Structures are given as C-alpha cells and as structure tokens.
Amino acid sequence: MKSIRSRLFLMLLIFIIIPYFLSVFIIYGYTKNRVEQQALKASHHQMDKLSEELEQYFDEMVNLPYLIYRNPDFFTIFTDESEDLPPQSKENSVETFYLMRNEIRQVRFYLDKKKESITAYHAKVSAPKQKPNVLNEESIKKLYNSNSSDLIEPPHQIENYNDAAIVPESDKTVVLTIHHKIVDILSNEVLGFISIDLDLDVYARLCNSLIEENEESVLLIDANDRVMYATDSSLIGKSAPKGLLEQMNAENKNSNGEIILSKSLSGPLDQWELVKITPGQYLFQEARQTAITNILVGIGVGLTGLLMIGYVSYRITRPIKTLSQKVRSIEGGNRQVPFGSDRKDEIGHLDNHMKEMMERINLHIDREYKLEIENRKNQFRALKAQVNPHFLFNALQSIGAVALRSDAPHVYKLVTTLSNMMRYSIRADQWVFLRDEVQYIERYLSLQKERFGHELNVSIELNKELLNMKIPSMIVQPLVENFFKHCYEEGFYDASLSIYGKRTGENVILTVENDMSSVSSSKLNSLREHIYSSSYEGTDSHEHIGLKNIHERLVLNYGENAGLKLDTKKNEDGFCVELIIPLEAVLQKDEQTIFLDKSNIY
C-alpha cells in the first residue's frame, strides 16, 4: 500500500517540474503535429488518386467478360449451338479473349451444359476436357449461388485447370483470379463461367506508387479481410493480421508509433481497404531529439529540489502516519486505542472524530450482542414449537376419511379447511398475493363460525389491484384473530369486523377495524410505546407480541416508512389498525372493486 507520504512526495515533485516539462511537451507536440498534418495531407491526396486508379483498373478487368454478350461467336460457345461451331473457331475465340490484356496469365472457359473446360495459357489453347466437378470448387460454388455476376478470388499460386501440357509444372506464379458468371439474359440460366488469372504486377505497381521511403508499406485488403496485395509478400493471399484491423479503426496511429491510413474503395472493390503504414520515427526524428535535450535539463532541475521536497513531505505526513497506525491497531481487534489530540488543525479534528466514532461503534456492538442473544432465544422457542407437518397432514387426511365413511361431509369440510390453513401457515416469511391472504382469512372465519355457532358480521372490501399485490404471508390474519380474542371471547357477539384498503400517494394502507372493543387513551399510548420500541430496548414480555411482530416484519421488508398505526374510532367505540406499505412501483390502473360482504356467508 502506498503511504500518503510517498504520494505527497510524488505530487510535490511533479508540481515543481511540470512548468518546465509542460513547455517542452507543448513545443514538441506542436512541431510533431505540424509534421504529421503535412504528411497526412499528402498521403490522403495520394490515396485518393490511387483509389480511383485501382477502381478503374479492376472495373475494366471485371467487365472484360461482358464483351462476350456483344460477340455472337463468343456467346455461342456457352449455348447448345456450340455443336455447330468447328473446333478451330472455339479455340480462336478463347485465344482472342486471352490476348485482350497483357496481364492475363491464364483463362478458363467452363461450359456448364457440357461440363466441359477449355483453358488458354501463353496464347496456347488446350483441348476441351470434361470437368464435372468445377461447380464444387469453393469460389465457383459461392458465385453460382449468389446474385452477383463476378467474384474476385485472393491471390494464389497458379493452377493447371485442365492438367494440360501447355502449363509447365515449373510455373509457380502467384495470380489473382476473377471469376465471371455467364447467364442467359432471357431465361436467367447459368451457362458457364470464365476464370481469368491475372499477374499481380499491374496493380502492384499502382499500390507501390504510394511508397516514398523504404520503411513504408502498403496493403490492399478485400471485404473479407484477406490481403490482396502487400509490400510484405508473405502476407499476400492470407487473412489480414487481427492487430492491423484493430489499429485501422484507431485515430491514424498504433501502439508502435506508426501512422496507419486507410481508404475505403467502391465500385467493383466495394468494402475493400487501401492501407498505408508509415513509421513515425522518420517523421518526428528532429522534434524528438530537441525534446530529449530539454527533458534531460528538466531532470537536472528536478533533482536540485529533491532534498527540500523530502523534508517538507516528512513534516506534513508524520502525524498522518501516526493516525494510520492507530487505525491498523483497530483492524487487529484492539477497540481501546487511545484517540484524542491537542492539535488544532484538520488532523487533530480527525483524531477527535475517530474517538467519538469508536465510542459509538463499541455501544453498537454491545447492543448487537444483546440482540443476538435474544434472536437465539427466539430460535429456540421456534424449534420447541415446531411440529412435523407431514404427520399432521396425514392425520387430518385420515380424520377426513373417517368423516366421509361416517357420512359426515360437514366434518370432512371443516377438516379440509383446517388442513389448507396449516399448509398456508407453513409458508410464513414468504411473499404471497394479498388474495391468498384473504382466502386464508376466509377459511379461518369459517372455522370460527363453527366455534361460536352463529353468523359473523365481517366485510372485506379490496380492489383488484390490491388483491394482485404481494405481501409477506400471515401479516393480516393475526389482526383478525385479535378481533375474536377481544370481541367474541369477551361477549361482544354483535361486533362487526371490517377489512378494506386504499392507495394514498406512494403508500397502500390496509385497515382492520371493529366497532365494539376499544381501549383507553393511556393503554393505547402504552401499546404504541411497546410496539414501536426496538427489540433490544424492550423486555421479555410476550404481551401484544403479535402486533409487534407484524410491525417489525413490515419495517424489515419495506423499510422505516412502513409499519402499524393503532388508533380508536372517533366515538371511542371500536379499535382500528392500519398497515402502511410504501410502494416502489405504481400499481396497475384497475378501478374495478371486489366487495365481499361476509355477513351473508358466515
């Protein structure tokens, strides 16, 4: 880890020499930029001119086979009428085509109808030969299946297409091949192909005209990133180096200081790239020598102030280092580090604040320790109360079966309701839809109806968007249970229970209230104080633990803005509990309200 002292030392050192070095770099950068701009301007002009020449040359070579469509003798070779032509006429036509351009090394006429191939090499025409596999050649196959009429194949060693004696085995010339598809204009039928092998000399001379220094290089890259020509002959016909392709997208320079210029071509060379690479060292040699001299002078000036900087940095960073040692001591587990300083500067202010922070941390650790002990107790209580759910479900299923055999379907219905309630209660601390919680409450009410033996006055009014909202399970049912505990069990059999909800601003408020049982103001305040107090600040009392549990679960799941709100009704005849749930997303707009009046059901 770098210390503040070393960083301050480096920062002060840089600030001393920057004024000098800045002027050196500005002069060097200006000179270098001017040289670079002039070189780039000249190179761009050359590349624009060369690109036009290359496009014109390849346009001529690609369009050369179109002469066949103008000459009936040429075109007849590819049709059924070729049977009527004397062999000498075919040879003369092929030879004539070969002699059209000096750079044509070899030409092949492939007649698809007869699966026949005729080649010309050094003005000598081979005898026709059956070649049924020509369409399986990669380049011919690709051209055959495309909508294009021509295809330029990357440079490769010349190939003896017909294995004819006219092509000597000693000829290892690298050629570029242009394949042209001959099509019947009326029927759009493919009649054959003309493959033209070209010497690289002509367009190589065009490309090399860009080079002014021996160290410069030029490349011609096709749309498939294959090198069609390069000053380095070992790259010709291969895929362009990946590093070069990445550098072409940079701003004219690569990591080696080279200047890379590229020009996109069009026409028959669409998406081809003409690339020129110039070493930067030859452009900026004089500017670099001047900059090096000035830099050496600057280093001498910087070393002169080294001792003074060391002394200043030591005086400033020594108290910071002492404070850092105290912090590392805390990391080692020592919480009784003696903080506090008489200094009146920022370091003394920081030391005193860290002292106050450690006191708060120690207090927080003590509270967390007490909270952990209480959590352990709660876990132990939960383990004691845990019952094997599979045993209970199997037992209830057996009881239900006995009820059915005893012709007691009502008992079977009650047992099934209890079983469903138990399955839902196992999902405690899980997220459920509010409609699931309401369904659980309905089952609970049906059992309570059997217990008290008369109709219950219960209404549930919740709109559709609230029923589709997810809440923690078992968050509303305990409030319904409190209704029976404080109303029916105390003799208020005419009491009614209302459950409804509404959206208010960014909150959803679920309300559970009754119109009989109430509490005094003093007891209400005591109840609020117990519920809203932190767990470790309270006692081990289990009074009102259900309300406290709901409040803490709401705060845990939704944050400090959530919780319970307790109040009596305005006429002090009844009790009201509101569950406040903040919304993080806007509920779907659906004003359809589902109103359930349970007084007609239970």
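Biologist: Which two strands form a hairpin with six residues between them?

Modeller: β6 and β7 do, and Asn-188 in the turn has a positive phi of about 65°. Strands are DSSP runs (E, at least two residues), and helices are runs of H or I, at least four residues, both numbered from the N terminus. This is a predicted model, where local features need pLDDT of at least 70, side-chain atom pairs count only at pLDDT 80 or more, and totals for chains, interfaces and linings use all residues. Residues are numbered from 1 along each chain as its sequence is written, and side-chain values use heavy atoms, with hydrogens and water left out.

Biologist: How do I read a positive phi?

Modeller: Most residues other than glycine have a negative phi. The loop holding Asn-188 runs between β6 (174-183) and β7 (190-199).

Biologist: Is Asn-188 buried or exposed?

Modeller: Buried means under 20% relative accessible area, exposed over 50%, partly exposed in between (1.4 Å probe, protein chains only). Asn-188 has 60% relative accessibility, so Asn-188 counts as exposed.

Biologist: Where is His-122?

Modeller: His-122 lies in the loop between β2 (116-121) and β3 (124-125). Phi of His-122 is near 50°, again positive in a residue other than glycine. His-122 has 45% relative accessibility, so His-122 counts as partly exposed.

Biologist: How do β6 and β7 pair?

Modeller: Two strands pair if DSSP finds at least two bridges between them. β6 and β7 pair in the antiparallel sense over nine bridges. His-179 stands opposite Ser-195 in β7.

Biologist: How many bridges join β5 and β6?

Modeller: Six, antiparallel, with β5 spanning residues 150-157. Gln-157 has Val-174 in β6 as its bridge partner. Nine of the ten residues of β6 are buried.
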